[in-house]
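Welcome! Take a look at what follows, and then we can go through some questions together.

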Amino acid sequence: MVEFSAYTQLLVSYAILGGVYGLTALGLSLIWGVMKAVNWAHGDFLMVGMYTAFWTVTLFGIDPYIAAIVAFILLGLLGMVTHVIAIEPVVEKPGGHEATLLTTLGISVILESLALILWSPSPRSFQNVYKSTYIEVFGIRTSVAEAIAFTVSIVAIVAVDQFLKRVRLGKAIRAVSQNPVGARVVGIDVPRIRLMTFGLGVALAGMAGVLVATFYPNIRPLAGYVWDIASYVVVIFAGLGTIYGVIFAGIIIGVTEGLGTIVFSNAFRQILVYVVFLTVLLLRPQGLFGKALRRV
Amino acid sequence: MEFELTWKSVVITILLILALIFPLFADEFLVSILMQAYLWAFLAMSWDVIGGYGGQFSLGHAAFIALGAYTSTILLENYGVSPWIGMWAAGLVAGAAGALVGVASLRLRGPFFALGTIAFAELVKLLLLYFKGITGGPLGILITKSGPEYMLFESQAHYYYLMFALMIAGLLFLKWFETSKFGIGLVAIREDEEAAEGVGINVYRTKIIGAAISAFLTGIGGTIYAQWIHFIRPDIIVKLEYSTQIAAIDVVGGAGTPYGGLIGALILVPLSLYLNAIFGGMIAGLSLILYGVVLLVVVVMVPGGIYGLVRRKWLGRKKGGE
């Protein structure tokens, strides 16, 4: 019985982590859905979000969840700048989708190196009450920080979905995603929509970074990498361009990791995730929740 | 025309002689830089077969370097097989894995394929870490043999000539490949898969063989890389940076051309190594920033790569590739 509850505990922890995977993947999914661009620097934006949390909390002593708002705005702006430099010039050219992969790779390298120069490779973390306070539900313990991260992830995903359905800008984003030519014909400023979408996607990554930083002990320049891979796994698993799919896929990936740890070993955990990922990719390239894939 | 041919061959001859006598007057550091540029040029040319000519944007080629390096190193350390022979086995193992990636390319397009190959490389890395009994796990394998019969040399100059020969072989292969029936078929598939199928090209077979050839060559490169560093470990050999660097070199130089890999490597490799040597101790990361900037600028400003630009601007010919 002790073992059983330990397993449940582990699975819940991984499910919570999976929820945050879902949020990190949301921005990628949006960017992909609207402009078929691959944002390879996504994990690095997340890393910048982590540092934003670190600096706002340690310098000004304010609440980390206010830092999430700061990161949202800051990263949104950074995202727009990135879009102007790296995405807009290539995205409509032939072979543009692969080109975005390379240009964002350039951005990724630049961000990581800047972070190394500015903040050194040594990991940092900051103390906050949310990390050290625990809540217990049905005998399962989790830190408040993780519980909030999970909740905010779900709320953010619902909010983005509602934004896309109800707000004028959101509707325009959907229009561009479904039919860029048609959207242009009815007078939508497609490049502007792309700019806003990229900004929003990166802003979400920044927010996810803050949430991760509240419970993740390692804030370091190369921290984005792990989350990068995880977000891509989630995005493909969910089906690129789906909104609610990412949260389910995130949780599934999280639980798979948990199961891998229990049934095999910690070392085998990631192997299992990649095997599942590649299998889904090959058997169902449109993802578990995606509609039939349009040829790229 | 005759004049141009003569002019061209004179330039090539001078360049060849300069390259061959280079280690005689340059210091070890410069020799080492150019040597690494040749190695990366060969890897980029290998990538070009499927990435440039085939249009399948692989970001998992580090996996083939690793499979090649591990195959020949295990053969060498456990069975005493010289890498001069082991590299062919390395190529075959990597080539077989490449065929699998080729099968995947039939279902996955564009960025999906790229992401799939990233996952494939990560999986290879994790498996190399997991099967400790064969691969040494996270500790890796140290190459203990020495001597030219084991492709292990005393000086960088010897490696320089080895890499130079490798690069020339890659160049000659690509020059032959792009005019071969198979190569033309692969380019036709890149341009329009349905049309290629229509004129009787076997898309299925061509893609798989193309990926296998690319991986075969990369595997051989992996063996030679391992012999040069004398030491292999999953985290230093299956790096995503390697996969992306190979692709970046080729794209910057000009993908889908025989010279793209060489031009890209001659620009990017010395740039990153030299900057690293200057700033590495002081500001780790500064060299990489410039690397990122060059990559960004070339991809945005110079589609078709530097070779494409040279061809358009100075030789006045139409741009190939794309």
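Buried means under 20% relative accessible area, exposed over 50% and partly exposed in between, with a 1.4 Å probe and protein chains only. This is a predicted model, in which local features need pLDDT of at least 70 and side-chain atom pairs count only at pLDDT 80 or more, while totals for chains, interfaces and linings use all residues. Residues are numbered from 1 along each chain as its sequence is written, chains are lettered from A and ligands numbered from 1 in the order in which they are written, and side-chain values use heavy atoms, with hydrogens and water left out.

Q: Does B:Lys125 count as buried or exposed?
A: B:Lys125 is found in helix H5 (residues 110–130) of chain B; helices are DSSP runs of H or I with at least four residues, numbered from the N terminus. Its relative accessibility is 16%. Because buried means under 20%, B:Lys125 counts as buried.

Q: Which residues does B:Lys125 touch, not counting residues up to four places away in sequence?
A: Contact means heavy atoms within 4.5 Å. By that rule, and leaving out residues up to four places away in sequence, B:Lys125 touches B:Pro234, B:Val238 and A:Tyr225.

Q: Which helix gives the largest share of the side of chain B that touches chain A?
A: In total, 40 residues of chain B are in contact with 45 residues of chain A. Helices H4 (83–107), H5, H12 (240–253) and H14 (286–301) of chain B each supply at least two residues of the side that touches chain A. The largest share, 15 residues, comes from H5(B).

Q: How many salt bridges are there between chain B and chain A?
A: A salt bridge is a side-chain nitrogen of Lys or Arg within 4 Å of a carboxyl oxygen of Asp or Glu. Between chain B and chain A, the count is zero.

Q: What area is buried between chain B and chain A?
A: Buried area is the accessible area (1.4 Å probe) that two parts lose on being put together, summed over both. Carbon and sulfur atoms give 82% of it here, and the area is about 3,800 Å².

Q: Does A:His42 count as buried or exposed?
A: A:His42 lies in helix H2 (residues 42–60) of chain A. Among the residues A:His42 touches, not counting those up to four places away in sequence, are A:Asp228 and A:Ser231. At 0% relative accessibility, A:His42 counts as buried.
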